[in-house]
Amino acid sequence: MVVVKVNPEIPAFNIIDTEKSTVRLGEGSKDTGQLHADAIARAIAALRRCQEVAKACKVEKIQAVATSAVREALNGRSFIRAVEAELGLKINVISGPEEARRIYLGVLSGIELNNNPHVIVDIGGGSTELILGDGQDPRSLSSTKVGAVRLTEEFITTDPVSTREFEKLRAYVKGMLEWPVEELRSHLSPGEVPTLIGTSGTIESILKLHACEVMGACPTSLRGHVLTLGDLKDLIHKLRKFTYEERCKMPGMTERRAEIILAGAVVLAEVMSLLALDSITTCERALREGIVVDWMMKQGLIEDRLRYQGSVRERSVINLAHQYHVDLSTAERIAKFAVTLFDQTQGSLHPWDAEERQLLWAAAILHNCGHYISHSAHHKHSYYLIRHGGLLGYTDAEVEIIANLARYHRKGPPKKKHENYQNLVNKTQRQMVDQLSAILKLAVALDRRQIGAIQSLYCDIDPANTVILHLQASQAGDDCALELWSLEMKKACFEAEFGVHLVAQLADQTPNPDLQLV
């Protein structure tokens, strides 16, 4: 389950709590076609815990759905009625394509597809969903009855898995996936090569096993981690040779996952092979979040998918700013100053491009969020709030850069001894933080009184490496003395970083109401 707080103004939602139990609702139903009594008891106990969490969070609305195990079971309806009778909880059973559609919505709430084709694969216990989309309406949705639990029950009896069982499993999975993959490929234009994204527990576990192995320690987040088909095949080879007990001892493995991980890995490998895609990354959002998005759409809080997907990164930043009570009018003004300075010094003082510009914008919007904790050393608080705020659409490295930029929007420049600065993984990232934080310092200084005293700015760089900052006041007669003083105090980092001399000049002419920041 996931508990969210919806902000209808953005529109977006914050995840405020989660709960998970590995129930295996379809376990033991292969022979009878019915949900087993023990599985039903586990499910009702798990749902009761979810209700208690929801009640503690004072939720106003509960949306519950059931997928393949319930929709295929002969006693599925009886289970739904039993849950409602015992818990008062209404569960909606959704079809395979509808499950795929909501997974797509969940991914759209967490990743920008930028109108580029993406294949989303979700391997569940009873089925695997394949989705093709580019941020607009999905081009292809399918649900195939090859899930990690189902396949394990039907094909694996030996420990370690025998060659005969493994080959039979792989042949069956390939045969089941050939048609849905071919149908998906038919919706690709000639020459289009999609990006592959995996969601939910099985794929996250596979990537985690690989990450633990290559990194020597299990990461706290899989954001940005890439698994190649070659590495996946190596992992499968290891899993099929290991006994269950040996799989349980692998870093990042849980006992329940160790039972079914091989079957899930085989499904993923066949998907990648049939699609001829060599790598996969993961998205933390999937069906649960898609249920939230679907509910928001039905309530009229989201006009359409396109508006919602328009910019995952920007919406996530604004959402986090709301969460920490950031004064958005001030933050947006400083962000405009920052990106204007960035644009007007690009190529002459720094080499950074559109991606770095967006990171600077995000840091400018969030630089003061540390006030939510305390005014004292708020720049340090900003770092931790941003770093652990759950920004969507960014890799871990990008979040680290944004947090560091906010950390150094005031006080001294970055120092090697600072732990947060050490978290930057390479020299390029450190140089980026050094230079962009110096730009952010100037932007903050330009709004010292937080009243919008400066209307516009223009940078002029002369051959003697003097940067002349031409400023236009918003109000006639305002000498902007505090802003000019603040610039003088904060320009040292900028001058040292870029090897220039900065001079600020306030224009004498009457402000032009039509003159706006670039």
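Student: Which residues of helix 1 are buried?
Tutor: In helix 1, the buried residues are Ala 39, Ile 40, Ala 43, Ile 44, Ala 46, Cys 50, Val 53 and Ala 54. Buried means under 20% relative accessible area, exposed over 50%, and partly exposed in between, with a 1.4 Å probe and protein chains only. Helices (H or I, at least four residues) and strands (E, at least two) are DSSP runs, numbered from the N terminus. This is a predicted model, in which local features need pLDDT of at least 70 and side-chain atom pairs pLDDT 80 or more, while totals for chains, interfaces and linings use all residues. Residues are numbered from 1 along each chain as its sequence is written, and side-chain values use heavy atoms, with hydrogens and water left out.

Student: And what covers those buried residues of helix 1?
Tutor: The cover includes strand 1 (2–7), strand 2 (12–18) and helix 3 (76–87).

Student: What span should helix 1 have?
Tutor: Helix 1 covers residues 37–56, and its 20 residues should span 28 Å at 1.5 Å a residue. The expected span is 1.5 Å times one less than the number of residues. The end C-alpha atoms of helix 1 are 29 Å apart, which agrees.

Student: What comes just after helix 1?
Tutor: Lys 58, which takes a positive phi of about 60°.

Student: Is Asn 115 buried or exposed? And His 325, buried or exposed?
Tutor: Asn 115 counts as exposed because its relative accessibility is 53%. His 325 is exposed too, with a relative accessible area of 64%.

Student: Switching topic. Which peptide bonds are cis?
Tutor: One is from Ile 10 to Pro 11, with omega near -10°. Pro 11 lies in the loop between strand 1 and strand 2. Another is from Asp 159 to Pro 160, with omega near 0°. Pro 160 sits in the loop between helix 5 (148–155) and helix 6 (163–185).

Student: How many aromatic pairs are there?
Tutor: Five. Rings of Phe, Tyr and Trp (its six-membered ring) pair if their centres lie within 6.5 Å; planes under 30 degrees apart count as stacked, over 60 as edge-to-face and the rest as tilted.

Student: Where do Tyr 408 and Tyr 421 lie?
Tutor: Tyr 408 is in the loop between helix 17 (396–407) and helix 18 (419–422), and Tyr 421 is in helix 18, so the pair ties together parts 13 residues apart in sequence. Tyr 408 counts as buried at 0% relative accessibility, and Tyr 421 counts as buried at 6%.

Student: How many helices and strands are in the protein chain?
Tutor: The chain has 20 helices and 13 strands. Of its 518 residues, 51% are buried.

Student: What box do the C-alpha atoms fill?
Tutor: Roughly 85 × 45 × 45 Å, taken along the principal axes.

Methods. Contact = heavy atoms within 4.5 Å.
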